[in-house]
Amino acid sequence: MEKIVINGGKPLMGSVEISGMKNAALGVLFATVLVEGTCVIENLPDISDVSVTLEILREMGAEIRRLDATTYSINTKRFDLGASPMELTRKMRASYYLIGAELGRFHQASSGLPGGCDFGVRPIDQHIKGFEAMGAKVLVDGGRIEADAKSGLFGGQIYFDNTSVGATINMLLAASRAKGMTVIENAAKEPHVVDVANFLNACGARISGAGTDVIKIRGVERLHGCTYAIIPDMIEAATFMIAAVATGGTLRIRNVIPKHLESVSAKLEEMGVSIEEEDEEIIVSAQERLNRVHIRTMPYPGFPTDVQPQICVLLCLARGTSILYEGVWDNRFRYVDELRRMGADIKVEGKTAIVEGVGNLSAATVHAIDLRAGVAMVIAGLSAKGTTVVEGVQYIQRGYDNIVGKLKAVGADIKKITVPDGQKYEIAN
Ligand code: EPU
């Protein structure tokens, strides 16, 4: 079992380079199924969700070559619909993109029902509604999802009942090669939706309006290969911004799009943090005191739900009572029990957490219960004096490229260790 061991209380100082965005990379990788020709995808993060996606594509017949540390060429000419590896598709949420991509290219699709982090019910009714509007029949049974558009896939009018990143991207995939025009209303506006649309357009698709809540897609007969670089990961960037503040440090965060981070920067400034923006960099400097704030997570451009556990750590370190409302997922506060082990004073009432600032957290052994909750434990450990051990490292590795190495390079005393199962790691505090 791997664990992260942190001797906290050291300010992070220096500069850190942000990797390509996980949730854009996953959409783009599955989108290559629609393309006849070779795609060269640059700036892919080295994370396990990307390796699992590449493994799924490889098992289904894609020819994949690693050209350098972050660049892969992918050709799905020999893609085999029947070879979908159920155990892998069930491991990750984004495997639902196989359905949109396969429907777009083959007019039929099948996959294991998607897995991913557990924060309450994660329905896919909006994806299904969209595919049906395009003429597909969809069946969900026995942990599988099957879709079929025997007489062809046609452009449709789709209104989403709630904004869904996954459903919006899935419609981009299916509609890119459908006959006629698809219009998505109440579309998600996240930068990764725009990135997938830009990739598809670079392959010859005709998508307009991505980044607004109405997207139009005029289907084309085929898509050709291209070279495409994934955008920087705004959630990774926000995580480092918060880590800098939690440790009382100063970090220059490189390779970011500051606009994507406006909601996070605004809240940090409200807390009293100093933020400077340059073209592709953000400099974050902690100040003496952190003010309490109220935060509500919302779809983009609102404050991202994927930064909610990390900012919760800062609210613990602030003065006074902060209110954190989760506006996207039903159950994304399960990690609070872990923070309480470190001395946090948090009351959860439904989708609201009431956080009493306690000034400092104390070192402890804690568990990463999912990806973002896990990285929040790392931030808490970096801020707390003494030795914190974070278990469940595999969750963090789903979405953070070399997090231990990057933190070490800016002054953290942090290491990853492997402990044989059943053996305890003794902390010498
Ligand atoms: N929803 C429905 N029906 C649907 C789809 C979604 O009711 O058919 C609801 C969900 O239950 C949720 C809300 O709509 O309450 C938003 O879900 P969305 O579909 O936008 O989430 P997702 O596409 O499954 C992606 C990211 C998540 C991120 C959310 C919200 C990927 C692979 N995952 O999930 O990222 O939290 O958007 O921004 O892109 C993470 O990276 O840690 C992560 C969990």
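What is the volume of the largest pocket? The largest pocket has about 980 Å³. The model is predicted, so local features need pLDDT of at least 70 and side-chain atom pairs count only at pLDDT 80 or more, while totals for chains, interfaces and linings use all residues. Residues are numbered from 1 along each chain as its sequence is written, and side-chain values use heavy atoms, with hydrogens and water left out.

**Largest pocket**

- A pocket is an open set of points on a 1 Å grid over the protein atoms alone, where a 1.4 Å probe fits and protein lies on both sides within 12 Å along at least five of seven lines.
- Grid points are joined across faces, edges and corners, and a volume is the space filled by probe spheres set on the points.
- The largest pocket, at about 980 Å³, is lined by 45 residues, and Tyr96, Arg122, Val165, Val328 and Trp329 are the closest to its centre.
- Lining residues have an atom within 4 Å of a point.
- Two or more lining residues come from each of α1 (22–31), α5 (125–133), α6 (165–176), α8 (234–246) and α12 (371–383).
- Helices (H or I, at least four residues) and strands (E, at least two) are DSSP runs, numbered from the N terminus.
- The lining holds 22 nonpolar, 12 polar and 11 charged residues.
- Here Ala, Val, Leu, Ile, Met, Phe, Trp, Tyr, Cys and Pro count as nonpolar, Asp, Glu, Lys and Arg as charged, and the others, Gly among them, as polar.
- The largest pocket lies between domain 1 (2–19 + 232–418) and domain 2 (22–229), because both give residues to its lining.
- The domain bounds come from an automatic or database domain assignment.

**Second largest pocket**

- The second largest pocket holds about 380 Å³ of space.
- Its lining has 20 residues, with Ala246, Leu317, Gly359, Asn360 and Ser383 nearest the centre.
- By class, the lining has 8 nonpolar, 7 polar and 5 charged residues.

**Ligand**

- The ligand is surrounded by 25 residues, the closest being Asp125, Asn162, Ser164, Asp306 and Val328; a residue counts if one of its heavy atoms lies within 4 Å.
- Polar contacts are pairs of N or O atoms within 3.5 Å.
- Oxygen atoms of the ligand lie 3.0 Å from a side-chain N or O atom of Lys22, 2.7 Å from a polar side-chain atom of Asn162 and 2.8 Å from one of Arg372.
- Of the 820 Å² of accessible area that the ligand has on its own, the protein covers 91%; the areas come from the Shrake-Rupley method with a 1.4 Å probe.

**Backbone details**

- Tyr300 and Pro301 are joined by a cis peptide bond with omega of about 10°, and Pro301 is in the loop between β19 (294–296) and α10 (308–317).
- Asn43 is not a glycine but has a positive phi, near 60°, and is found in the loop between β4 (38–42) and α2 (48–59).

Note on methods: Polar contact = N/O pair within 3.5 Å; in protein donor to acceptor, adjacent residues only side chain to side chain.
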